[in-house]
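Here are my notes on this one, written as numbered points. Have the sequence and the 3D view open while you go through them.

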Amino acid sequence: MDRTQCCVQLSVQPSRALVDERFVILVEKAPPGFQLSVRALHQCEDGHSWEAFGHYISDATGTVNVSQDLSLGGTYSGVEAMGLLCSLRPVPGSKPGLRMRKKDVQAPMMVTISVYQGHQVEGFVDQVPLASVVVERWYVAPGVRRIPITDHGLTGTLFLPPGPGPFPAVLDLWGGGGQLVEYRAALLASHGFAALALDYLTAKVIRETGKMVEDQYFETAYKELQKHPQIVSSRIAMIGLSFGTTMTLKMAIYSKVVKLRCAVCISGSHVQPIEKSVEEILSSFNDRADKTRINEENQVIWRDLLLPIPTDPSLKADVGSLQCPLLLVVGEDDQNWPTKESAEDIQEMMERAGNSHLLTVLSYPDTGHLIEPPYSSHTRTSNFKPVGTNQKVTVLWGGQMAAHARAQEDAWKKMLAFLRENLYGGRKASAATQSNL
Amino acid sequence: MPLQRSVAPILCVQPSRALVDEKFTVLVKNLPPGGPFTVRSLHLSEDNDYWEAYGHYVSNHQGELSVWDDLSFGGTYTGREPMGLLSSMRPIPGSRPGLRLRKKDVTTPMLVTISVYCGHEDYRDQTPLASVLTERWHMAPGVQRFPLQENTVRGTLFIPPGPGPFPGILDMWGGGGGLLEYRAALLASHGYVCLALEYFKPGEMTSANQEFSYFETAFNVIKDHPQVKTDRVGILGLSLGSAVTLNLATESSVVEPRCIVCVKRYACIPPPLSAFGSTPIGCYWFLLVVFDPRFPVKHDENNCEIWREMILPLLKDSSRKVKVEKLRCPMLCISGCDDQNWPAVESVDDVMETLRAVGKDHLLTRADYPDAGHLIEPPFTPHFRATNFIRGSTMEKVVMLWGGQTKPHSEAQEDSWRKILSFLQHNLYGNDHARSRL
């Protein structure tokens, strides 16, 4: 096809959006029945390039609509409106074990979407596309304020929605890799929740004293939220992923200070020695390191460390005494934590205790451990250095790309609805309408 | 223990970041049902003036309110106006008179705060119940902006993302002068390489001696750009800019626009530029012709200048009109029927007659908008019935009456922009055999 004749037009709507919003990619004015590749290219903050592509055939009007048409191959197949983001992977030749995580949440993720002639699988970088556009994917809505929190020995970042408030709040915890991870809190603030991303494993106070934090650290963070003039002190929730779940349940059940309106636990477990410090809990996990499995690809599987689920009540959080609604998000192919088994045991414990009306379990087949905000690339394995060790290993997180992507989208929607209902709704409403999804 | 407070209502503007010609929805939830509320927009312009719009609403039984669906019962707009919060904006009370809202720096968005207040009374002393920020952009991501440096042509080139080649557009504003980039930036966001051209500085119309060749050179800057399709360059002009546009399309032996769009002035006055040959001609020729002592400038009850009447008689003088019969490409004419600055509709009637006489009326597409004024701009921008203007010949600051009523004018802006984009798409992106009158 003569390039000078070609008038292929490409549009992505919206061109600026939050990372959890869908877009529509339209290719128009191609010759009818024409083979095309639509490709996404993103250079992440550490300089690595990520790409995804789908193979399409234009219809009789010369149009391809990625939201409606089948991808016949590429990094994703089938009808996948967001496949170009969900299936992003490092370009061939990249370092192995990479994971894409946004550090600077105040700048957008820039993605170049291009359309090429033919069904290409490689060598895009050497070709001139037929057309190309740029889209911005944002973790913050306009007007969201980012406030570093360093008082009282805390290491965290508070994100406030725009406006006078007052707002309900969420304390946001990530897992065993530590660091201060802001992007989910930024996104929650973009949805109307004040959100405090808290570093509790590599915080400044830990680096300075060489000692892990105690319960008081989380209680201090909770109190900081409570006393903020733009936060409603009685409407605070916690959300934790992985080891963050362990801490969330610990606070929700045992803390005399923290009174949560609701809790969200993603890819975690209730198995933990009770009435122990954070340090002791971490040691108890490390003590079972001999249960680590390594597969043929030399990837580390840690899900057996907490198995079998103990029957001894001193070895698991007493979910039967929970007094607030709990949402559990479970990846059934989680190779890092025994999330599914834990969820089943939690269900059983709460039924026996008579508070299972507070529990909602979202369980997703073929979904791994890293259940992130939607339309982010699925990480099945990556390099990982757990806090307190010097070993970098390749961890198997689990999940199959398409199923995992769908789980991320569905879980996020349901998490936001759960938070809205419990944090924005009336108290009576939240308890009465809880049901198992 | 702090008092238990109930949470704020949820206010959601979607999309929160958009191009200026895109619509948004404004939804408020968690309000008390069946209550009176005011939704208000507020913007601080680059000139440090506050602009606002507001509508009075009533929440439904679920405590929700939707600007897209619900009726406004008062404020700066009434009835069902999804974009009323932008198109009915005006300076807040106490502002300097005669202001106009125009973005200068197109690389940053226009920031608008949308808030919801209790009641229908004066909200200015209240803290809003909720407030969000929305960004309105002239440049889509990936659009590049290049101020022209070396050329004798002054202006800014905007290039869409991608390899191209793209069709091109020469974009010209009117008698106010200066360099206005916002429409060119928006056109680039729609896939055109676009040159915003400056042909005289504000207030310098008399001294700026622009040769006809200046505009031809500008056209060629676009045409010869490596990312532009040489046979797909059009011209868009507003007001004085459309007079230039029409001259280029009829008289130039150098440039061949594929299509032209004229907003608000055509055909008549000044005399064809080529009549002056290659001698430098100042744009003052326009004013010499216009400010004919036989037809003095009129004023309305607010002392705003009305130029419409003095120009009307000149339509009958063929020596003062561009030879439209020499038109060689499709032309779209956008007119406001309440244009107080230029007799737009009468002008297009005249153009139509001239073209019909030579069998070329198929080249003309016209859109006349009742009760719309002179300044037909991209959609969802405020309507200006009268604004400050520096009259070039005398350097006097006057208040010019442009005309139009806000609601029909806003509708005209929205509809005409769609027609302009569609016309450009058809003529500049379309196939050869498909080119014809819309």
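1. A word on labels before we start: helices (H or I, at least four residues) and strands (E, at least two) are DSSP runs, numbered from the N terminus. This is a predicted model, with local features needing pLDDT of at least 70 and side-chain atom pairs counting only at pLDDT 80 or more, while totals for chains, interfaces and linings use all residues. Residues are numbered from 1 along each chain as its sequence is written, chains are lettered from A in the order in which they are written, and side-chain values use heavy atoms, leaving out hydrogens and water.

2. The "active site" annotation, from an unreviewed UniProt entry, covers B:Ser239, B:Asp339 and B:His374. They are spread over 136 residues of sequence yet cluster in space, with a largest C-alpha distance of 11.0 Å. A caveat: UniProt positions are given in the numbering used here, feature names are shortened, and annotations may be inferred rather than shown by experiment.

3. B:Asp339 sits in the loop between strand 18 (331–336) and helix 7 (344–357) of chain B. Is B:Asp339 buried or exposed? It is buried, at a relative accessible area of 0%; buried means under 20%, exposed over 50% and partly exposed in between (1.4 Å probe, protein chains only). Contact means heavy atoms within 4.5 Å, and the residues that B:Asp339 touches include B:Lys264, B:Arg308, B:His374 and B:Trp402.

4. B:His374 belongs to another loop of chain B, between strand 19 (364–369) and strand 20 (386–391). B:His374 is buried too, with 0% relative accessibility. Among the residues it touches are B:Ser239, B:Asp339 and B:His409. The side chains of B:His374 and B:Asp339 are joined by a polar contact of 2.7 Å (a pair of N or O atoms within 3.5 Å; within protein, one must be able to donate a hydrogen and the other to accept it, and residues adjacent in sequence count only if both atoms are side-chain atoms).

5. Now the packing. A nonpolar core is a set of buried Ala, Val, Leu, Ile, Met, Phe, Trp, Tyr and Cys residues joined through side-chain atoms within 4.5 Å. The largest has 102 residues, and A:Leu188, A:Tyr200, A:Phe218, A:Phe243 and A:Leu419 touch the most other members. Helix 8 (residues 401–424) of chain A gives the largest share, nine residues. Apart from this core lies another of 83 residues, including A:Cys7 and B:Val221.

6. Last, helix 7 (residues 339–353) of chain A. Its buried residues include A:Ile346, A:Met349 and A:Met350, and what covers the buried residues includes strand 18 (326–331) and strand 19 (359–364) of chain A. Just after this helix, A:Gly354 takes a positive phi of about 85 degrees.

Definitions and conventions
Lists of a residue's contacts leave out its neighbours within four places in sequence.
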